[in-house]
Amino acid sequence: MTSNTSKDRLSWWQLSLIGIGCTLGTGFFLGTSMAIHKSGPAVLIPFLLAAICTYIVYDALVKMSVENPDKGSFRTYAKQAFGRWAGFSNGWVYLISEILIMGSQLMALGIFTKFWFPALPLWVAASIYAAIGLVVILTGMKGFENFQNIFGALKAAAIVMFIIVAIVIITKGSQASTLDSLYANYEEFFSQGIKGIWLGLLYAFYAYGGIEVMGLMVIDLKNPKEAPKAGRIMLVVITIIFLMAIALALALVSWKDFTIDESPFITALQGYHIPFVADIFNGVLIIAGFSTMVASLYAVITILITLAEDHDAPKILAKKGKRKVPMPAFIFLTGGLVITIVIGFLMPEKIFEYLMTAAGLMLIYNWLFILITYMKLMELSKWEHVKNGLGMLLIAVTVSGTLGEKTSRLGFFVSLLFLVLIGIATWIVVKRQSHKEA
């Protein structure tokens, strides 16, 4: 996608807003239920740890971006640090993980829409959202920025609304039931033990997925040196919102009442019979899922174009016409979306679940490689080495947590299979290049 002219470039606060739009999605609104299911009331700890690691990764990425602004972002830096194999593999790992994640977002959007239109087939709803998302991408950088600003504000407003409603219920509602829930959750805070916190980390990380899109947009800032501030403020705001919302949900009902099929915020308010609350939150879930899907579309097409320009993907994909987005890359993206919709609806649910876990893990592997690249390319102080090491440790612990149960364990092995396939493709490409040079 083409960059803005100087007068159209982003201010740091606009990047913060876009960051909220890209991050605040179904990973938080829906995935938090899974985290609560694994960790119990201690779910606040995985979310805090995930926030710390997200900040470490973002800080490393933007420091490299400020030093050398490049639209290829982490993929370009990996190539500079370790050679062509790193740039090629990083780009394709990210590309495949994001396309698969988009498939899960489209499935979720179809399910949310059935709440209002039960007769609408899931694949029809998913196809409609995919088509609208592609139209947003066709509007170019400016359209994407405006879209994420509006939807980011709406999603943040919805969570703030939940926080206010929950506080009102706690202060003016039935004190007995609230005290019972608070006492039960306090009593059982560590009921799932250290293992619960370990297993819950992956789902907390999912809630913060999207910060790498902010890294891709540093090149569009008026002053790239303000990128660290944009990310710092965005992550502090979003972490406070996350922790407050989860803590208040746990204050309203026992953690055992949350189910993995429903947003915890709908569950928390259901027993209080507030008019239209389910409809409002269903609308928020659709907005959240759709805007994070559009962020993924933006990231995929940006990385795809840089891969093509570096001859790590067919060169034709970067061919620019009169449009703001190269049409061959856009057609490739459309094809990828169609394939994920077909896979999602033809494949048995469990296998699709393994694919989604694998896609999420591949995104985290990308974060790990950002930290490794940062260590190689930049001069790090002692404190920065400690911080970087802490980030790597948190990612390693999170990935190892997938071995703790069957579904995520199989997802882990599927992610390794993808890495092996990309590794073979990387080896072939690098070998071919060395033959040409010889």
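## Thr357 in helix H16

Thr357 is buried, with a relative accessible area of 9%, where buried stands for under 20% relative accessible area, exposed for over 50% and partly exposed for what lies in between (1.4 Å probe, protein chains only). The residue belongs to helix H16, and helices here are DSSP runs of H or I with at least four residues, strands being E runs of at least two, both numbered from the N terminus. Residues up to four places away in sequence aside, Thr357 touches Leu202, Tyr206, Ser408 and Gly411, a contact being heavy atoms within 4.5 Å.

The model is predicted, so local features need pLDDT of at least 70 and side-chain atom pairs count only at pLDDT 80 or more, while totals for chains, interfaces and linings use all residues. Residues are numbered from 1 along each chain as its sequence is written, and side-chain values use heavy atoms, with hydrogens and water left out.

## The chain as a whole

The chain holds 18 helices and zero strands. Its radius of gyration is 21 Å, close to the 22 Å that the globule rule gives for 438 residues, so the chain is as compact as a globular protein of that length; the radius is taken over C-alpha atoms, and the rule is 2.2 Å times the number of residues to the power 0.38. Along its principal axes, the C-alpha trace spans about 80 × 50 × 45 Å.

Of the 438 residues, 56% count as buried. Among contacts with a separation of 6 or more, 83% are between residues 24 or more positions apart. The chain exposes about 18300 Å², of which carbon and sulfur atoms supply 70%, with areas taken from the Shrake-Rupley method with a 1.4 Å probe, and for residues only the protein chains shown counting as cover.

## The second largest pocket

The second largest pocket has a volume of about 210 Å³, and its lining consists of Trp85, Ser89, Asn90, Val93, Tyr365, Asn366, Phe369, Leu419, Ile422, Gly423 and Thr426. On a 1 Å grid over the protein atoms alone, a pocket is an open set of points where a 1.4 Å probe fits, with protein on both sides within 12 Å along at least five of seven lines, and lining residues have an atom within 4 Å of a point. Points are joined across faces, edges and corners, and the volume is the space filled by probe spheres set on them.

Helix H6 (84-114), helix H16 (349-377) and helix H18 (406-437) each supply at least two of the lining residues. By class, the lining has six nonpolar, five polar and no charged residues; Ala, Val, Leu, Ile, Met, Phe, Trp, Tyr, Cys and Pro count as nonpolar, Asp, Glu, Lys and Arg as charged, and the others, Gly among them, as polar.

Ser73, in helix H5 (residues 73-82), counts as buried at 0% relative accessibility. Leaving aside neighbours within four places in sequence, Ser73 is in contact with Leu61, Ser65, Gly215 and Leu216; Gly215 is 142 residues away in sequence, yet its C-alpha lies 6.6 Å from that of Ser73.

Glu145, in helix H8 (residues 140-172), also counts as buried, at 1% relative accessibility. Its C-alpha is separated by 9.8 Å from that of Ala295, 150 residues apart along the chain.

## Partly exposed positions

His311 is found in the loop between helix H14 (277-309) and helix H15 (327-346) and counts as partly exposed at 48% relative accessibility. Most residues other than glycine have a negative phi, whereas phi of His311 is near 65°, a positive value.

Ile128, in helix H7 (residues 122-138), counts as partly exposed at 42% relative accessibility.
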